[in-house]
Amino acid sequence: MRLRQAFSMLAGTVLAVAATTVPASATVAPHSLRAPGATLSGANFSVHLDHDQKDRDTLVTVTVRDLNGNTAARISSTFGLWDQYSDQGPFQLTVLNHTPWELLKGSQTTLRIDPHGNNHIEPNLYVDLVFSDGTHLSSDCPALDLDQESRQIACGIS
């Protein structure tokens with residue numbers, strides 16, 4: 001009986017000390033924890049243009065592919081005129097596959113333009129992927145350079 005009481009008192013003391021010595025900043029917020037089996041539930045992209053402008057009729061396609069090359073999300077539209085030194089978006093991609101987080105971490109986002117004639121843009125692309133557990137992955141691709149000759153570029157997802 002005494003051993004049980006001693007153990008109970010010791011356990012209570014350890015819990016009390018642990019509770020008072022762990023700073024609040026050391027705890028992990030629930031939204032930053034990735035749940036096993038989390039899958040892609042949403043995606044969007046934004047663009048900032050520094051130089052030149054995107055013509056009204058230039059088709060823009062953003063595609064997110066997993067590590068196996070399968071398309072997870074995609075959007076394709078002309079989106080109208082994008083002036084130089086402007087911010088555009090966010091634009092919602094269509095989620096085509098509820099791809100697991102593990103297959104998107106380290107994969108690629110592709111930005112493609114299909115201009116009618118000549119068009120040169122130097123976009124800064126940002127893609128945000130949202131998962132079923134509330135976690136995010138992203139592509140942050142600064143200073144891209146696309147035109148009628150060099151239409152497509154890929155950047156990593158982290």
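Is Cys 141 buried or exposed? Cys 141 is buried, with a relative accessible area of 4%; buried stands for under 20% relative accessible area, exposed for over 50%, and partly exposed for what lies in between (1.4 Å probe, protein chains only).

The legends below describe a predicted model, in which local features need pLDDT of at least 70 and side-chain atom pairs count only at pLDDT 80 or more, while totals for chains, interfaces and linings use all residues. Residues are numbered from 1 along each chain as its sequence is written, and side-chain values use heavy atoms, with hydrogens and water left out.

**Figure 1. Overview of the protein.**
The secondary structure consists of two helices and nine strands. Helices (H or I, at least four residues) and strands (E, at least two) are DSSP runs numbered from the N terminus. Along the sequence the elements follow the pattern α-β-β-β-β-β-α-β-β-β-β. Of the 158 residues in the protein, 34% are buried. Contacts are heavy atoms within 4.5 Å; among those with a separation of 6 or more, 72% join residues 24 or more positions apart. The protein exposes about 9,100 Å², and carbon and sulfur atoms supply 54% of this area. Accessible areas come from the Shrake-Rupley method with a 1.4 Å probe, and for residues only the protein chains shown count as cover.

**Figure 2. The disulfide between Cys 141 and Cys 155.**
The sulfur atoms of Cys 141 and Cys 155 are 1.8 Å apart and form a disulfide, a term used for a pair of cysteine sulfur atoms within 2.5 Å. By this rule the structure has one disulfide. Cys 141 belongs to strand S8 (residues 136-141) and Cys 155 to strand S9 (residues 152-156), so the bond ties together parts that are 14 residues apart in sequence. The torsion about the S-S bond is about 80°, and the disulfide is therefore right-handed. Cys 155 has a relative accessibility of 13% and counts as buried, as does Cys 141 at 4%.

**Figure 3. The four-stranded sheet S4-S1-S7-S8.**
Four strands form an open sheet with antiparallel pairing, in the order S4-S1-S7-S8. Two strands are taken to pair if DSSP finds at least two bridges between them. Strand S4 (87-92) and S8 are the edge strands, and each pairs on one side only. On average, neighbouring strands of this sheet are turned by 10° against each other, direction ignored. The axes are lines fitted to C-alpha atoms, for helices over the stretch in contact, and angles run from 0 to 180 degrees between N-to-C directions. Nine bridges join strand S1 (residues 40-49) and S7 in the antiparallel sense. His 48 has Asn 124 in S7 as its bridge partner.

Val 127 is part of strand S7 (residues 123-131). What is its relative accessible area? The value for Val 127 is 1%, so the residue counts as buried. Apart from neighbours within four places in sequence, Val 127 is in contact with Asn 44, Phe 45, Val 62, Val 64, Thr 109, Leu 137, Ser 138 and Ser 139. Ser 138 lies 11 residues from Val 127 along the chain, and their C-alpha atoms are separated by 5.3 Å.

**Figure 4. The five-stranded sheet S5-S3-S2-S6-S9.**
A further open sheet has five strands in the order S5-S3-S2-S6-S9, again with antiparallel pairing. Strand S5 (94-95) and S9 each have a single partner strand, so one side of each is left without a neighbour in the sheet. S6 and S9 pair in the antiparallel sense over five bridges. Thr 110 has Ala 154 in S9 as its bridge partner.

Side chains of opposite charge can pair when their charged atoms come close. A salt bridge here is a side-chain nitrogen of Lys or Arg within 4 Å of a carboxyl oxygen of Asp or Glu, and the whole structure contains two. Arg 112 and Asp 114 form one of them, with the closest N and O atoms 3.0 Å apart. Asp 114 also meets Arg 151 in a salt bridge (3.1 Å, N to O). This second pair links distant parts of the chain, with Asp 114 in strand S6 (residues 108-114) and Arg 151 in the loop between S8 and S9, 37 residues apart. Asp 114 is buried at 18% relative accessibility. Arg 112 is partly exposed at 29%, and Arg 151 is partly exposed at 29%.
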